[in-house]
Amino acid sequence: MSTTTTPPPGVSAQDLARLAEHWAERPSLRGWFSTVDHKRIGRRYLVTAGFFFVLAGLSALVMRTQLARPEAGVVSPQEYNQLFSMHGTAMIFLFATPMLFGFGNFLVPLMIGSRDMAFPRLNAFGYWVFLFAGLFMWASLPFGAAPNNGWFAYAPLNQEQHNPGLHMDVYALGLLFLGISTTAASINFIVTALKLRAPGMSLNRVPLFVWAIVATAFMVIFALPALNADNLMLFLDRRFGTHFFDPSAGGNVLLWQHLFWIFGHPDVYIIVMPALGIVSAVLPAFTRRGVVGYPLIVLSIVSISIISFGVWVHHMFATGLPQLSYSFFSAASTIITIPSGIQIFAWLATMLLGRLVLRVPLLFVIGFVVTFVLGGFTGAMFAVTAFDQQVTDSYFVVAHFHYVLIGGAVFPMLAGIYYWLPKITGRMYHERLGRWAFWLVFAGMHVTFFPMHLYGLFGMPRRVYTYRSEPGWDGWNLVSTLGSYLLAVGLLLVLVGVVHAVRRGRPAPPDPWEGDSLEWSTASPPEPYNFPALPRVHSLHPAWDERTAESLGAGATADRILSDGRRTLVTSELDAHPERAVQMPESTLKPLVLAGALLIFFTSMLLAWYPAAAVAALAVVATIAVWLWPPRRPDEELGVTG
Amino acid sequence: MSLPVEKTAGLTMGAARDARRRGLPRRLPVLATLSGPLLLAGCAGDAPSALNPGGAGATRVAGLWWLLFWISVAVFAEVMAVLAWALVFRRGNARVRHGQPLRFVTIAGAGLPFVILVVVYGVGLRDLAALGDGPGPDAPTVEVTGHKWWWEVRYPGASGATANEIHIPVGERVKVRLRTDDVLHSFWVPQLMPKTDLIAGETRETWLRAERPGSYRGQCAEYCGTQHAHMAFLVVAQPRTDFDAWLARLDAPAREPRTDAERRGRQAFVQGTCAACHAVRGTGAAGRVGPDLSNVGSRWSLGAGAVPNDAGHLGGWIANAQTVKPGNAMPPQPVDAAELPDLIAYLRSLE
């Protein structure tokens, strides 16, 4: 990130110096806390989500060790129940979505040719809230007060009389706290992708990854309120004596399930969709052509994001609702597999027509296809109500969703990590180490989870801390446990590979893969201002297209260099016609202060220190007021002339 | 633990094979011949496997599974073939082609799956309707109540109750009425019938029909707290006459003690703390907190599948059930070392 970079033709050395001056953040402690750079925030999301992944993964290893033998005593039932609850909750809420939002934060502005997210301070705020909410939830584990009712926390077991202690208060407050971050990030993605695209990037030239992130963000906006309502009612029930989920006082326990899954099923796609976007982003570089069927894939993304709101009852097929409603939700759940089928065959067609470059990212994409397709089959099976009733809540469903989530989300993430590591860190990874990691992860995944289909069919329910040997499940469980160790070794090698690249990797050129999207037109790692001159986009594959390349270099014009201030370009929503240049905010500590005040608020509510909570609430309001107070703007910006 | 499951495993599995032989060819002749020798069903061993069905409901779902399984195998082979083709022929110096084969993507990714899924949906609806087609109003009925963490079992017309063991007459559709005393549970007997949840504040119904006499293991399938892992039960299918005799005993007083030890044991039971929570018919003990113990001596296990039902485990359970099944409702009992053998003798005599 030096200022001595040679300017591309068309951008003068003075312009470059001015850009560096306006955008650079001085490396200081204060700068570390106050940054609003989407790339630094994106990296932090990736690292923090990775850290929570390690914690949740270690929880799973303890569980698998406990289940290696029948009636083992590695952990107590109470400990086991907290471990599986934290494993699920953390993997879903603290790893999957934040990890993908980390990719989104780093990549979306680069891919659309912008200098930052639309709301950089909101972006920083979102990260701090995510970090604090994650620590808030994990901190409960050493105190033996972690959530202990599974990640979907059914009523009435989540109620005070059945579940005393702080466990479910941590769950309800933690998820409400985290929801602020997810919502803020989603709004930011939508506005960024609609308003900050480089001139010429009309909607039909938007990279598939960006489509996926935006569709995901819309799903979050519509799905999350149901979860928030659920958790608010849960907290009121537990702490303030309301009876939303108490049937003895006219409440309804199925209300919890309906609201939870109205959020929860879209959430599966909230996790998988951006990961599928990564697949579409990685493939062109390793097949040497664009993904087949761009409009079909966009249609798939949009239709999944809509249909996914009409399938939630397939999580409730055993609750005894009327058969008529089951037949409707069964049909919707069956149909939603079609758009995924289209995407799979579009990728396969891409591979059939292109030339495969078998590097580590492509290996993970191939592993993704194999695994995700198997998870898709069992997913379609769960749409068949009668079969669902037999295998739901057994180890068969555990197998199913690990195939979908590891196959459909973790493999693409790993492909993405290897693919964008040169861009993110400026260093190349070690190819042989990466291949070892792939084969161990792939083998470990299948050895762990494939047998679960079997012992699920053989009658083993999920969420049991132990089992007796008579039903004959022990051999298969031992296989799963050994597989989980293999998987852990593979994932450790991924971590080693990343650390090795950061420490010892050879410096990465700007475009090591000859990729097709705009992030490969920036330096590795990108300058704080991303592009010396914002591009003018002429095709769906701007980095492969000479006219776009020309616009970044010799064809750069002052209206796209914007070196007199911290500025980027706002364009129209559909066709990306330039509208005006906007001033972007400077780094600030306010997001951190606001997130800290919220942390104090939620902690005080958890511990029932209500006066402290009231003070924290005041601090929240005051910080927001200061943040939003209209600044003194220069006359020019206010439109005052003369 | 010597469970009836093991004793009758051959019988149970034989019944399953017969059921498959009779049930499937009518519906899916090709699949049945393919699935017969399949390793998968064989891997189950003595497990309460959904693939070794012993009754009408599970047989239907097993048929559905084999349909879904073979479709999945076929489509997976298709995808793998395409992938393998790409890996073999599209590397090295393969010339990149720039077409947009949208027809291929639409037919293979949407058209074919759509046809397959419509068929599967139709078969699924038919089977769902079959599962919903419960017994008539005059059918024998069992009332099952879920507790943390055991199953209370009652029969309308019989005064007594039993626990974690459901007796049904063979070859008849038996109505099962499900309620819960506390949180959600789920009633699952993989070899007989898919799950039905027990919903707090509501009553649910399912039905069971076993084709052959035998024992079928069931287990709670909805996470219900600390000891969700130990909430198993056994469905015992008996010929009608045996079932009637068994039900008659459930209406009669418990067996009288015969030895001195048993008599002392009963006295300790009725006068001690036991009777506060447990009932034994025909004695003063009428507690409703824990399971009715009137026939505890002949049950398949202690603690809903936690440990085998023998003298040693019974003694351990009475002295401190928390070491056996941590978190359950029974506190450690201050029983005299001298009294314990008598209590054990008495309880084991209750058959």
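1. Among contacts in chain B between residues at least 6 apart in sequence, those joining residues at least 24 apart make up 68%. Two residues are in contact if their C-beta atoms, placed from the backbone, lie within 7 Å. The model is predicted: local features need pLDDT of at least 70 and side-chain atom pairs count only at pLDDT 80 or more, while totals for chains, interfaces and linings use all residues. Residues are numbered from 1 along each chain as its sequence is written, with chains lettered from A in the order in which they are written.

2. Of the 351 residues in chain B, 44% are buried, meaning that 20 or more other C-beta atoms lie within 10 Å of the residue's own, with C-beta atoms placed from the backbone. Chain B contains 12 helices and 12 strands; these are DSSP runs (helices H or I, at least four residues; strands E, at least two), numbered from the N terminus.

3. An open sheet of mixed pairing in chain B has 5 strands in the order E3-E2-E1-E5-E8. Strands pair if DSSP finds at least two bridges between them. E3 (161-163) and E8 (204-208) of chain B are at the edges with a single partner strand each, so one side of each has no neighbour in the sheet.

4. Within chain B, E1 (residues 141-147) and E5 (residues 174-180) pair in the parallel sense over 6 bridges. Thr145(B) has Arg179(B) as its bridge partner in E5(B).

5. At the interface, 79 residues of chain B are in contact with 73 residues of chain A. On the chain B side, H6(B) gives the most, with 17 residues.

How values were computed:
A residue is buried if 20 or more other C-beta atoms lie within 10 Å of its own, exposed if 12 or fewer, and partly exposed in between; C-beta atoms are placed from the backbone.
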